[in-house]
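User: I'm new to this structure and would like to learn how to read a few of its features. Could you walk me through them?

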Amino acid sequence: MLNNLAHTKDPFAKRDDMSGPYAVYYVLYESVSRKLVEDDPASSDWEASKGMINKGEIATMVLGSWAVEQCREAGATPEDVGYMPFPITEDGKRYASGDGNYSYAINNKATEDNQIAAMVYLKWLLEESTIFVDEGTIPALKSEPLPDSLSEFDGVEIISNNPAIEGEETLFDDVNNESEVGINNNDYPDCEILESALYGTKDLDTLMEEWNAKWSAAQESLGVDVLKY
């Protein structure tokens with residue numbers, strides 16, 4: 001997906017089927033603009049928020065599946081905490097990203113005995129332990145079912161970013177940095193949308209036009225082939 005974005009013409013433009021980046025940012029912008037969020041959306045307290053959603057003082061948070069069990073354990077009503085895919089469909093189908101968090105590695109400089117011990121531990125961890133159920137995450141084995149905490153993802157296609165094609169390993173980062181849009185680099189893009197919606201300084205279409213202009217200038221500067229997906 002990110003590979004395509006680097007080549008996409010006007011990736012932040014509004015699509016007729018309300019899919020793609022615009023649709024995601026539309027939800028953020030409208031939630032703030034319509035005052036459906038907290039009084040001060042520019043600040044947060046992570047530890048306190050877990051207990052607040054458990055008690056029903058917060059309705060919804062945008063989080064990864066790793067957070068579900070933490071929120072359930074943060075109060076007396078764990079059964080009230082659910083998890084759902086982002087409410088956007090494309091051609092009538094819903095998708096969710098499923099990527100790794102931390103990775104395991106075995107030191108190739110370790111002794112043979114230690115390497116064997118490490119491989120046995122990883123095999124047990126991935127195939128026999130209850131870690132994925134305990135943490136409410138997608139199992140490492142495709143043959144294993146999703147945990148109860150992800151029951152709302154039944155029928156949702158889980159996708160992950162493909163590796164970049166040879167020679168374009170840094171292309172998305174190059175375009176992203178050159179454009180100064182900064183997707184996934186920091187909170188600035190989201191904050192720009194939040195502040196515009198909060199204070200009414202710019203509408204979403206204006207913001208997305210500015211981002212597209214920056215993206216196009218970066219593509220041109222870097223000599224990127226631009227395609228319309």
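Predicted model: local features only at pLDDT ≥ 70, side-chain atom pairs only at ≥ 80, totals over all residues.

User: How do α8 and α9 run relative to each other, and why?

Analyst: Two packed helices are described by the angle and the distance between their axes. Here the axes of α8 (residues 188-199) and α9 (residues 204-222) come within 10 Å and cross at roughly 150°. Helices are DSSP runs of H or I with at least four residues, strands are runs of E with at least two, and axes are lines fitted to C-alpha atoms, with angles from 0 to 180 degrees between N-to-C directions. Angles over 145 degrees count as roughly antiparallel, so that is how α8 and α9 run.

User: Which residues make the contact between α8 and α9?

Analyst: From α8 come Pro189, Glu192, Ile193 and Ser196, and from α9 Leu207, Met208, Glu210 and Trp211; contact means heavy atoms within 4.5 Å. By class, that contact has 5 nonpolar, 1 polar and 2 charged residues.

User: Now the sheet. What is the order of its strands?

Analyst: Strands of a sheet pair through backbone hydrogen bonds, either parallel or antiparallel. In this model, 3 strands form an open sheet in the order β1-β2-β3, with mixed pairing. β1 and β3 are the edge strands, each pairing on one side only. To count as a pair, two strands need at least two bridges found by DSSP.

User: How many bridges join the strands?

Analyst: β1 (residues 89-90) and β2 (residues 93-97) pair in the antiparallel sense over 2 bridges, with Glu90 opposite Lys93. β1 and β2 form a hairpin with 2 residues between them, and Asp91 in the turn has a positive phi of about 55°. β2 and β3 (residues 157-159) run parallel, joined by 3 bridges: Tyr95 partners Glu157, and Ser97 partners Ile159.

User: What about aromatic pairs: how many are there?

Analyst: The whole structure has 8. Rings of Phe, Tyr and Trp (its six-membered ring) pair if their centres lie within 6.5 Å, and planes over 60 degrees apart count as edge-to-face. Phe12 and Trp211 form an edge-to-face pair, 5.3 Å centre to centre with 85° between the planes. Phe12 lies in the loop between α1 (2-7) and α2 (20-33) and Trp211 in α9, so the pair ties together parts that are 199 residues apart in sequence.

How values were computed: Residues numbered from 1 in each chain as written. Heavy atoms only, no water. Parallel < 35°, antiparallel > 145°, perpendicular 65-115°, else oblique. Nonpolar A, V, L, I, M, F, W, Y, C, P; charged D, E, K, R; others polar. Phe/Tyr/Trp six-rings, centres within 6.5 Å; stacked < 30°, edge-to-face > 60°.
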